[in-house]
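Here is a short briefing to read alongside the sequence and the model.

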There are 2 protein chains.
Amino acid sequence: MSAIHITSRDNALLKELRRLSQDGTAYRKRGQVWLEGDHLCRAALARGVQPAIAVFSESFWPLAPVQWTQVAIKTIVIADVLLSGISALESPARMAFVIDLPATPALVPDAASVILDRVQDAGNVGSILRSAAAFGFGQIIALKGTAALWSPKVLRAGMGAHFALRLVEGVEPDALDALTVPVVVTSSHTGSALQEQKLPMPCAWALGHEGQGVGAALMARASLSVRIEQPGGEESLNVAAAAAICLHASAVAAASGQPHAAPQL
Amino acid sequence: MSAIHITSRDNALLKELRRLSQDGTAYRKRGQVWLEGDHLCRAALARGVQPAIAVFSESFWPLAPVQWTQVAIKTIVIADVLLSGISALESPARMAFVIDLPATPALVPDAASVILDRVQDAGNVGSILRSAAAFGFGQIIALKGTAALWSPKVLRAGMGAHFALRLVEGVEPDALDALTVPVVVTSSHTGSALQEQKLPMPCAWALGHEGQGVGAALMARASLSVRIEQPGGEESLNVAAAAAICLHASAVAAASGQPHAAPQL
């Protein structure tokens, strides 16, 4: 395969790439996703994704490994300055892929899951996806109002975790009624301490909006509420920090070989 | 006290404020810190900080609580659009304080601490500060190369934790020799699993650069290396997520009433 060299800043494809890179929700309309940098591209390839487009900077193109230059349906090479113009990063990468947005999978009722209830910050969402993948929570259920999962910022913070997870986006709260795993929430005021609690496995951990927390309806639906004790006395943890603590605790409980009985739903 | 109304975009003080707000390291040269938004300002006041300057938007000024309008040495009111121009936030706040940069405290050798070894991302550093404050790690030791602790971005992510912590910045690695608490590190490859490990309390958790981890010299200095098991098989956790898990584990160990013997240094 050979590459197409694009030199005009006004090229229609470059405009399209800029939109995908800089507008966090453009992928929904376009059906394509911008993956910038070696790490994300490698993660996609490792999961068998075939890129629709591979983009290389002029300076990197002669150095690019052959398995990258021949993997995409279309390969383009552009001046470094043009690639910088497309990138939304302070330090733009030297290559990127565009992949087709994976079809949204159906919700699996009995899968170990993380429910994102309007979590706003892309860095938080990406960090939670990494923790979920690390601790064996394979399904992410993003309720409406959560940061767009396939946005470049979430992808970047997710460091490739997207490709190891079942990502169910744009979910209405009512759809959670289908879940057969118990929903677990954290609360700073009620419930027993996390380390004293028998955690059901599999379960669905619900994580909420940075300011408002988990919504009342989802709180009411939870089978279990646990407290993360904060002896330092400060107000609250970052939501991704709380997620890491909870998901790790579940993984430790599961690995202890003593699966706990799930509470009654 | 009365307020000074500033209407010119070219006012020297406004230019100064813009620098403090938009340049993450400007505070080092200027000796003053930009605190934007109710939450951070409230956290500073709660710890007895007297602001040097209080800044209000024209529209918020008539609604501002009297204890805020009279607390600063100097109070200024500016057009909303000017305050938006100073702010680096997508949703600019309606008020801000400027405070004098606290003098860097001396390192306390036996305090429960978190060592930041060139952690780059402001959101990660802020999240780690919140977790440290929540779990009783009162001293932060930021080695040279770590994101500037009093930058607006770290302050924002820290959500007020700065004012509950002893923040020792710009520390040379050699200065860690003064520590009498054991240094604990995480490793994905060596050491026993976190939950199987007796954690020394107090201790100093070392957290490293997002890409490179903890440097070799600090690794070699550590008394204990623990693993966070990741049964999901994904590569690694976000550093702030790992920090939350470790600091929480220490707090739980300390609260269990069975202080473990510190390993020999």
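The notes below cover a sheet, a helix pair, some salt bridges and one histidine.

This is a predicted model, in which local features need pLDDT of at least 70 and side-chain atom pairs count only at pLDDT 80 or more, while totals for chains, interfaces and linings use all residues. Residues are numbered from 1 along each chain as its sequence is written, chains are lettered from A and ligands numbered from 1 in the order in which they are written, and side-chain values use heavy atoms, with hydrogens and water left out.

**The sheet in chain B**

- Chain B has an open sheet of five strands in the order S1-S4-S3-S5-S2, with mixed pairing; strands (E, at least two residues) and helices (H or I, at least four) are DSSP runs numbered from the N terminus, and two strands pair if DSSP finds at least two bridges between them.
- Strands S1 (4-6) and S2 (32-36) of chain B each have a single partner strand and stand at the edges, so one side of each has no neighbour in the sheet.
- From one strand to the next, the twist averages 25°; axes are lines fitted to C-alpha atoms, for helices over the stretch in contact, and angles run from 0 to 180 degrees between N-to-C directions.
- S2(B) runs antiparallel to strand S5 (residues 95-100) of chain B, and five bridges join the two.
- Val33(B) has Ile99(B) of S5(B) as its bridge partner.
- Helix H3 (residues 38-46) of chain B packs on the sheet and touches S2 and S5 of chain B, its direction making about 40° with that of S5(B); contact means heavy atoms within 4.5 Å.

**A helix pair in chain B**

- Helix H6 (residues 122-134) and helix H9 (residues 239-255) of chain B have axes that come within 9 Å and cross at roughly 10°.
- H6(B) contributes Asn124(B), Ser127(B), Ile128(B), Ser131(B) and Ala132(B) to the contact, and H9(B) contributes Val239(B), Ala240(B), Ala243(B), Ala244(B) and Leu247(B).

**Salt bridges**

- Over all chains, the structure holds 18 salt bridges, each being a side-chain nitrogen of Lys or Arg within 4 Å of a carboxyl oxygen of Asp or Glu.
- Glu16(A) forms one with Arg30(A), with the closest N and O atoms 3.0 Å apart.
- Glu16(A) lies in helix H1 (residues 12-22) of chain A and Arg30(A) in helix H2 (residues 26-30) of chain A, so this pair ties together parts 14 residues apart in sequence.
- A network of salt bridges links Glu16(A), Arg19(A) and Arg30(A).
- Arg30(A) counts as partly exposed at 34% relative accessibility; buried means under 20% relative accessible area, exposed over 50%, and partly exposed in between (1.4 Å probe, protein chains only).
- In chain B, Arg19(B) and Glu16(B) meet in a salt bridge (3.3 Å, N to O); both lie in helix H1 (residues 12-22) of chain B, three residues apart, about one turn of the helix.
- Arg227(A), partly exposed at 22%, pairs with Glu229(A) in a salt bridge whose closest N and O atoms are 3.3 Å apart.

**His5(A)**

- His5(A) sits in strand S1 (residues 4-6) of chain A and is partly exposed, with a relative accessible area of 45%.
- Apart from neighbours within four places in sequence, His5(A) is in contact with Glu58(A), Trp61(A) and Val77(A).
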